[in-house]
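Hello,

Here is the structure I promised to pass on. My notes follow below it.

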Amino acid sequence: WEECLSFVNRKRGYPMMRLIQEMPEVAKTALDSCTTKSALSKEDKDYWVKYNFKYLLCEVGAEAKKSETESDRPVYASHRPNDAEAKNDESEKDVAEEQEMTPLPGLTEMVKYDRKELLCHPVSNSLLTSRWHSYGRVAFGLNTIFYVFYLLFLTSLICLVPLPVSPPNGNETLYRASNGSLTTKPVLSTYGVFCQYLVIAFAVVNVLKEIVQVPQQKLKYFEDFTNYIELALYITTLFFVIPLGNTRDLYQLELGAVAVFLAWMNFLLYLQRFEALGIYIVMFVEVVKTLLVVLAVFFVMIVAFGLCFYVLLFPASPSFTNIPKTFLNVFEVMLGEFFRGLLRPAKRPGPQIPGSDVDHAHRAAHLHAHHLHEFADWSCSRRHRRREEKC
């Protein structure tokens with residue numbers, strides 16, 4: 001079996017890769033043969049298990065890499081290839097070379113073809129563990145540390161940047177400083193300026209990294225959704241920070257909100273690599289995917305009810321003065337808010353300082369409980385009437 005797995009066809013690839021793709025049961029048998037166990041008992045301290053990784057890593061040795069080309073075969077006069085056939089043979093890509101250049105080619109093929117049994121095999125687990133301890137753990141640790149610093153600096157910049165506040169008289173724009181005071185001449189602190197430069201440097205380096213990955217991974221780059229998240233994160237970060245200054249325009253603040261949101265969500269994906277937290281993050285991602293599918297169904301209902309309410313209740317009700325506001329109110333009703341506008345609190349007179357409406361959550365909870373109580377009373381009275389009619 002070793003001789004069979006060592007024979008390499010440069011145009012068809014390594015035999016082990018073909019087994020993973022087309023015959024996973026035979027590949028499992030081959031992996032079983034790559035395991036050598038000690039004759040001692042498992043309880044013995046000298047007990048050992050040896051795994052052979054060369055077939056999963058496409059490292060069978062140069063002497064075994066036989067290239068099955070037309071020059072290796074006897075050529076008969078009646079079967080001599082013409083010039084067109086020879087050009088086609090030369091233009092065929094070297095599949096074996098691509099597999100050799102792929103990191104962990106055996107495990108990559110298992111993931112690509114969804115071979116879960118092969119991924120759970122002791123040989124595959126041992127190979128992944130050895131590579132993780134040799135260089136994967138160090139590389140991931142450094143990458144995570146740099147990203148944590150970027151996340152902290154971006155979060156600090158979001159907290160320190162002066163925010164515009166609606167002026168009470170409408171004459172001069174006020175800004176809320178990081179300490180909560182209002183001023184007409186905002187100044188970003190020295191630490192905030194330091195955060196700006198570090199955030200720009202990190203974002204530029206990662207944008208260049210994403211650009212380099214596109215020609216390397218080709219179409220596979222666009223199949224990974226995390227690449228879109230990272231690209232949107234770093235682009236919105238650059239637009240938020242640049243141009244440098246003490247204040248930000250409204251569109252920059254909106255992009256900054258998007259950037260800090262994506263930054264923390266992407267950090268959640270970083271935590272997925274840790275064994276203690278990975279299972280919960282995977283569950284969260286699966287729940288979000290299911291929720292998006294459910295929202296796609298609810299979107300049809302929101303549009304249907306929203307258009308009906310807009311036509312029938314406009315302009316009698318202020319909640320349905322335009323179509324976007326109508327859709328938002330219908331979505332709010334599906335959450336159980338009963339047109340109270342809890343997602344859009346009324347503006348108070350005077351300067352509108354974010355976070356000043358501290359009792360909003362209490363009022364929302366009180367109104368929601370009040371509506372539930374009214375609905376329960378209405379249900380009970382209706383049920384009582386039906387019983388009286390039956391009697």
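**Cysteines**

A search of the whole structure turns up zero disulfides (a disulfide being a pair of cysteine sulfur atoms within 2.5 Å). Such a bond is covalent and joins the sulfur atoms of two cysteines. Cys4 is exposed, at 57% relative accessible area. Cys34 is buried, at 3%. Buried means under 20% relative accessible area, exposed over 50%, and partly exposed in between, with a 1.4 Å probe and protein chains only.

**How to read the model**

This is a predicted model: local features need pLDDT of at least 70, side-chain atom pairs count only at pLDDT 80 or more, and totals for chains, interfaces and linings use all residues. Residues are numbered from 1 along each chain as its sequence is written, and side-chain values use heavy atoms, leaving out hydrogens and water.

**The chain overall**

The protein chain has 15 helices and five strands. These are DSSP runs numbered from the N terminus: helices are H or I with at least four residues, strands E with at least two. Of the 391 residues in the protein chain, 28% are buried. Take contacts (heavy atoms within 4.5 Å) between residues at least 6 apart in sequence: 60% join residues at least 24 apart.

**Thr236**

Thr236 sits in helix H11, residues 225-241. Thr236 is buried, with a relative accessible area of 12%. Its side chain reaches the backbone oxygen of Ala232 at 2.7 Å. Setting aside neighbours within four places in sequence, Thr236 is in contact with Leu255, Val258 and Ala259.

Best regards

Key:
Polar contact = N/O pair within 3.5 Å; in protein donor to acceptor, adjacent residues only side chain to side chain.
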